[in-house]
Amino acid sequence: MAVHIRSALQTLPTYVPGRSVPGAIKLASNELSFPTLPVVAQAIADAVVDESAGINRYPDNGAQALVDALARHTGAPATHVLAGCGSVALCQQLVQATAETGDEVLFGWRSFEMYPIVTQITGATPVRVPVTDSHEIDLPAIADAITPATRLIFICTPNNPTGTAVRRGELESFLDRVPDDVLVTIDEAYSEFDDADESPDGLDYALTRPNVVTLRTMSKAYGLAGARVGYAVAEPSVIAAMRKVALTFALSSLAQAAALAALAAKDEYAPRWRQVIAERERVTAALREAGYEVPTSRANFVWLPLRERAAEFAAHTEQHKVIVRAFADASGGVRVSIGAPAENDAFLAAARSFPR
Ligand SMILES: Cc1ncc(COP(=O)(O)O)c(C=O)c1O
């Protein structure tokens, strides 16, 4: 007889990571293509052999030095900041802290693939609210979908994978409609690439509204996807609840050292973000010129709503040694991360030769 496994897992979607194919250009995981800053690499190497906190010791469970640095970085009091093992861990902590079987977690769809997974892991019910015809998170429709069972709402802006960002005024109207006992997570994994004047800054709400938490990550803009560092900013009571469900020592000492060094060198990242934004605009224009529909992206990727042709398109670019991320279902499409200019050129050449 097989061991008992929770029935909730039977319908749990499995997360499909972007693929790496040796010798091919990977534009599938929204990573930064730039090399790691030498000061960050050195900080990791130093942390391995640190006399009092080397790799033979457990890390600081509260990551206090990093939390203090993040507090300075965001302007939030340290009491309002929590660091975690990537912001995906913080997403899971938020569900675990707020929802259980029978409760509902709302989010736009399509959005970050992990939202339904972390929701179902806890036994709660994911509620997917379709994006608009222009691939934007439909805030009024999400507000309409709130029921007495709603515990948590994820608003991803810029949205992964459609790239679109919500606007400040519409976010405020939405937040005004959310009951005080429902937590809203503004997931800003890509905010450093969002240069639109009308885009909101989640910190403004996380620091003024007790039912709003903002998530950010060092994985994308700071090129630390492999180190696993994300952070949350919220009311201390929300932070305390998230801390209770955190996996002990999940944020390694090497990750903490890497993030501290990256924050100390943050001025060196801005030119990289500017290049990503410029390349994003170039890739968008070239794709539109080639006849593709491309929603305006505020992130470090673009979205091609190719629907049933998504898998075929991804197979085609793979033949040209460019790996993109296909979501091959009814709300599907292809997400293409912005890489170095030559990588983007290789992708554009493949896209132009796709038979249509
Ligand atoms: C919207 C969004 N949130 C959170 C994450 C998680 O990032 P990490 O766990 O690397 O911090 C991602 C990663 O792809 C994302 O796209």
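What follows is a conversation about helix packing and sheet order.

Tutor: This is a predicted model, in which local features need pLDDT of at least 70 and side-chain atom pairs count only at pLDDT 80 or more, while totals for chains, interfaces and linings use all residues. Residues are numbered from 1 along each chain as its sequence is written, and side-chain values use heavy atoms, leaving out hydrogens and water.

Student: How are two packed helices described?
Tutor: Two packed helices are described by the angle between their axes and the distance between the axes. Here, helix α1 (residues 38-49) and helix α9 (residues 253-264) pack at about 145 degrees, with axes 8 Å apart. Axes are lines fitted to C-alpha atoms, for helices over the stretch in contact, and angles run from 0 to 180 degrees between N-to-C directions. Helices (H or I, at least four residues) and strands (E, at least two) are DSSP runs, numbered from the N terminus.

Student: Which residues of α1 and α9 meet?
Tutor: In α1, V39, V40, A43, I44, A47 and V48 meet S253, L254, A257, A258, A261 and A262 of α9, where contact means heavy atoms within 4.5 Å. The residues of this contact divide into 11 nonpolar, one polar and no charged; Ala, Val, Leu, Ile, Met, Phe, Trp, Tyr, Cys and Pro count as nonpolar, Asp, Glu, Lys and Arg as charged, and the others, Gly among them, as polar.

Student: At what angle do α11 and α12 cross?
Tutor: The axes of α11 (residues 310-319) and α12 (residues 341-352) cross at roughly 125 degrees and come within 9 Å. That makes α11 oblique to α12, since angles under 35 degrees count as roughly parallel, over 145 as roughly antiparallel, 65 to 115 as roughly perpendicular and the rest as oblique. F313, H316 and T317 in α11 meet F347, A350 and A351 in α12, and by class this contact has four nonpolar, two polar and no charged residues.

Student: What is the order of the strands in the sheet?
Tutor: The open sheet has seven strands in the order β2-β8-β7-β6-β5-β3-β4, with mixed pairing; two strands pair if DSSP finds at least two bridges between them. Its edge strands, β2 (81-84) and β4 (125-130), each pair on one side only, and the twist averages 20 degrees from one strand to the next.

Student: How many bridges join β7 to β8?
Tutor: Four bridges join β7 (residues 212-217) to β8 (residues 230-233), and these strands run antiparallel, with T217 standing opposite G230 in β8.
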